[in-house]
Amino acid sequence: VSRARRKRIDQTVRWKREGKIESVQDHLYASAILLDSDRVEELEMAWELALEAGKQDERGFPLAAEAIDRVRMFNGEPQKYGTQFTFDLETGLWVLYPWNSSTTDAERTSMGVMTLPETLDRLNKLNSRIKSTIP
């Protein structure tokens, strides 16, 4: 995490602890900022804030799904919703971080994220752009 991002994350954590994150908009922004973190406890805070926002604004649910997936990824577990890609240095291509195959597309849709076929299509498009730039 860059120094500027770390500073923004630390400020958001302080505001959360001080009770300064109040509105739905505050919850959405704070969650999005915390998703940049490489610390599980801050990603869990992002998840909590996003779910709280989701009670009044459906834009909170995709943020919560991403937070859950990032926590699982950092814990070495398969992701639930399939929101996380990693770059494979050996192949020079993006790959979908391992996912839990028992999660249904209905569950993904309920969280406002792409279905697995849509995610795999996006992955193919990302990689086709890379392949088209390789001489």
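**Helix packing, core and loop**

Helix 2 and helix 3 run roughly antiparallel to each other, because their axes cross at roughly 150 degrees and any angle over 145 counts as roughly antiparallel. The model discussed here is a predicted one. In it, the axes of helix 2 and helix 3 come within 8 Å, and the crossing of the two helices is left-handed.

The contact between these helices can be followed residue by residue. On the side of helix 2 stand V24, H27, L28, A30, S31 and L34, and they meet E42, L43, M45, A46, L49, A50, E52 and A53 of helix 3.

The next topic is the nonpolar core. The largest such core has 23 residues, and the members that touch the most others are L34, L35, L49 and Y81. At least two residues of this core come from each of helix 1 (3-17), helix 2 (24-34), helix 3 (40-54) and helix 4 (60-74). Setting aside residues up to four places away in sequence, L34 touches I9, T12 and V13, as well as E42, L43, M45, A46 and L49.

Attention may now turn to a loop. T103 is located between strand 2 (93-96) and helix 5 (105-110). Is T103 buried or exposed? With a relative accessible area of 4%, T103 is buried, because the limit for a buried residue is under 20%. Apart from neighbours within four places in sequence, the contacts of T103 are K80, Y81 and R108. Of these, Y81 is also one of the core residues named above.

Methods
Residues numbered from 1 in each chain as written. Predicted model: local features only at pLDDT ≥ 70, side-chain atom pairs only at ≥ 80, totals over all residues. Heavy atoms only, no water. Core = buried A, V, L, I, M, F, W, Y, C linked by side-chain atoms within 4.5 Å. Buried < 20%, exposed > 50% of the residue type's maximum accessible area, 1.4 Å probe, protein only. Helix = DSSP H or I, 4+ residues; strand = E, 2+ residues; numbered from the N terminus. Contact = heavy atoms within 4.5 Å. Axes fitted to C-alpha atoms, helices over the stretch in contact; angles between N-to-C directions. Parallel < 35°, antiparallel > 145°, perpendicular 65-115°, else oblique. Left-handed = near helix turned anticlockwise from the far one by under 90°.
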